[in-house]
Amino acid sequence: MNARLALLSTVAPGVTESEVFRLALQHAMGELGALGGTVHLRGPMSALHLVSTVGLPPGLTRSWEIIDQEAPLPHARVLRHGTGVWVPSKTTEPAAQAGQAGPAGSPAATADVAWPGTGLAALPLSGGGRSIGVLAVLTGDRGEPTSKQWDFLRALVAWTEERMGQAPPPSGPHRAEHHGERLRQALREIRVGSWDWNIRTDELSMDEAALELYIATPADFTGRIEDWMRAIHADDLAPALAAAERAIRDHSVFEAEYRVRRADGTYRWAQTRGRVAYDENGDPLRMTGVGWESRERPAHDALGRALRHMSDGFLAVDDEWRITFANLEAERALGCAEEELLGRLLWEPPAMRQIPDLETRCRQAAAAEKPSGFDVRMPDSGRSYHLRLVPGSDGRTVYFADVTVQRRMQEERKESERAAAERAAHITELTTALAKATTSQDVVDAVAWRVLPPFSATGLLVQAVEDDRLRNVGAFGYPDDFLAAVDGHPRAPDEPPWSTILSGTPLFVSTRRELAAYGPELAHLSVLSTKQAWAFLPLTASGRTFGVCVVAFDRPRRLTSEERILLTTISALVSQALERARLYDAEHTRSRELQRSLLPRDLPMLPECTAAARYLPAGQGMDVGGDWYDIIPLSGGQVALVVGDVMGHGLPEAATMGRLRTAVHTLADLELPPDEIMGHLNHIVDGMGEESYVTCLYALYDSTTQVCSIARAGHPPPAMVHPDGSVHFPQLSADPPLGAAEPPFETVEVRVPEGSLLVLYTDGLVESANREIDQGMTRLAQLLRTAHEKGTDADLERLCDTVTAGLLPAEHRTTDDAALLIARLHALAGDSMASWQLPEGPKAAGQARRHVREQLSAWGLDNLTPTTELLASEMVGNVVRHAKGPVRLRLLRAAELICEVFDGSLTMPRIRRAKETDEGGRGLQLVNALSQRWGARYTRTGKCIWAEQALRGPDGQRDGANDALGLAFLNAEGVEEDLEGLSHEIQERQEREEGQGGDGR
């Protein structure tokens, strides 16, 4: 079984249907041991028609040539129910299904006529989703097929259906691809027979010519459709029946070409055409048509075929301008079949009626009695035709020549001439634009807008050589994935870009095939874009080729010699401009990098404030500016926020900004008040010369008091956003800019509620040529209020983006730099602060240690107690010995533990190197060793000495590493383990050193 199927699978597709049927029946008989077999196909009215038989005598199959769908034979049952059956011979028992019981309620398959063998097995043939025929075999002595034999028959039917779909149409005197073409007008010498088929009764009537054509023996004509079917060659019957059924179903014209049997048993080719008539319900009534032999007069037919298939349209009209012949091209041009054109006036078809004054122009041309022609345009198709009328003795012939391409080429030539004149103007514009171009992008834009349009180009790619690789400088008209693929392309001397650079000569590639010849890599890259032609132009300046300019086209394009010369000239102009622009870009990049290196890379993370900042450089073509911002952490829960602006653009301004930022850091580290810092800055700027013009704003925020002290010099006031969303601009005195001001500067103190925003900015953010600074500040306040209402002000980075986008959209970038600093200020919680007033005598150290022990125990920082006691004791001892009261101790628990000692003296402590014989002088050394940071600052009533300790060590645990070090210092000085005795030691030392003076230990 499998061997037979494997053998059938070797049959090549394309064999005729009759051969497919013959092979299928032969193998079915061999596998089942059957006596013979038949194949029936469904006809127009669903009757089954015998198309192939193997092993059965004509006496048996004659009664099976046409089987009605409602007949009791197994073939009809298969057609009705679409399932395989086996019916025993000489029985009226219900038919068994193929290996299973029949469906409930299905009619019994009975046979009134007996046949040889043990029974008949039949299966349906399908195609296009419906049953189209039946394959049947007469079983021999083996009886009913087994389950495996039924499976084989189903596989055999599937193979038959597949090969039927691959079978070619019958080949006749015309090529197979022209099967079904519209019927050509019969020549007068050929006899045409007519016929009439009653579809409901299958009655067929023919005239004498039709009988002569179709019926070999007229005496055998019974007036039934079966007579016509018997006359057709078996290979041609199925396609003819399918064409008839398609015409009935689709309400279309029936036309077919097939072989008809002669009386001597040979065949001749015939053609037929008919139309269907329908009743008021749309059901088919009858089909009437004509038929004729298609192989008479070969020479005449050859001429007709030549006219029929000539590339130009051809019409023949009689003296009354009625169409008598139309070839295929004319049908296509006019949008009508030949039968719709024959007999109509030349200007009556719909396509011809749309041609203005066609009748008048044709009659005028005919009156000249000589060939004449004119162009017409078909509105529907948009194609142009040249109509040529040639007079003749029995009418006129009309030729349709499609001149769409020729006319387009003529228009293109005219357009190219106009474009040449326009190019000269574009070159002038290009030269002017390149002279004004500052950056590389300016050069690319100038070429894209002034070179591509005149040449109808759609793409531009400019690349420069860097480290033996091609780097993109600029592009236009290319997708991002293509640009990413070509950026950094390594040296490849055989490829067009590198070949152009290495040789210094242009290269023109007209098609993708030409480009693929340079290598598969380029063929792959060309797929990423729609470009199909390229001009590779070298970029040469100062005797060195540094890059390539690629002009691309969306369609194959072979540039003329004039265009090539012009592009080569343009590339020389572009090279000079691009070389100059690249030098500017390099200098500008270095300036930008210098400026950005002078700005803070990362803002510090502080408990006193969280912040985000933006720096927006001026628009393209401007030099670097001098705007800056900064956040400086200070002691005692204080933080300084600074913003400044050095007027002007260029490296000198950027350098001035760097100097001032460093000066601000230095002055802030000295913990001077804001007005004194502004005074020092004014002195520095004043020493730089009259050209310097600097504005600055310095804000000092104290998280312990929630007070922000602000001083400014010629700078816009900050914006304060309260937790309720209200926006205020503190009223600050308008001090002149640094270098022009006269100290002292005014300091304004503003109380800041917890969670408020402090927004610092430069004038470039709120002021421009089209907007006054007051309008810009109003817009800033509006943006801040809106962000608060929407709840988007919690994310400071996002808030910065919102403000900059609202005030400085990318397409309206100003000519000035802009800096923005937004800080959310936080207060130090009350339970994280503790403060005590201390006596001014020796007992102060002991009380300080006691307060430290108690407070650190309350805070859960007992492991820091020994170190903190020692720090507080030493700082209080320093005050008692060298300063004056009142003395106050304060502990702050923030990110670090801060211990502060306040006194009423302005004398600042300093570390001095003690000798081995000195009994004192090591106190501040001890403070420096035990704390991670310490210092002193002035207050309104004196000074403050402070020291910081980390709350946690590197491993995340609370840090007590300095305890041992502190005890070591205690032991080194011979101090008793009882820390309470330290106050007496301090008193003794004070008495011994009395009169010696000094401000350190």
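How many bridges join strand 36 to strand 38? Eight bridges link strand 36 (residues 896–903) with strand 38 (residues 943–950), and the two run antiparallel. One of the partners in strand 38 is Gln949, which bridges to Leu897.

The model is predicted: local features need pLDDT of at least 70, side-chain atom pairs count only at pLDDT 80 or more, and totals for chains, interfaces and linings use all residues. Residues are numbered from 1 along each chain as its sequence is written, and side-chain values use heavy atoms, with hydrogens and water left out.

Now the sheet. Strands of a sheet pair through backbone hydrogen bonds, either parallel or antiparallel. Here five strands form an open sheet in the order 34-35-36-38-37, with antiparallel pairing. Two strands pair if DSSP finds at least two bridges between them. Helices (H or I, at least four residues) and strands (E, at least two) are DSSP runs, numbered from the N terminus. Strand 34 (833–838) and strand 37 (933–938) are the edges; each has a single partner strand, so one side of each lacks a neighbour in the sheet. From one strand to the next, the twist averages 15°.

Two helices lie across this sheet. Helix 26 (residues 843–859) lies across strand 34, strand 35 (887–893) and strand 36, at about 165° to strand 34. Helix 27 (residues 865–882) lies across strand 34, strand 35, strand 36 and strand 38, at about 165° to strand 38. Axes are lines fitted to C-alpha atoms, for helices over the stretch in contact (heavy atoms within 4.5 Å). Angles run from 0 to 180 degrees between N-to-C directions.
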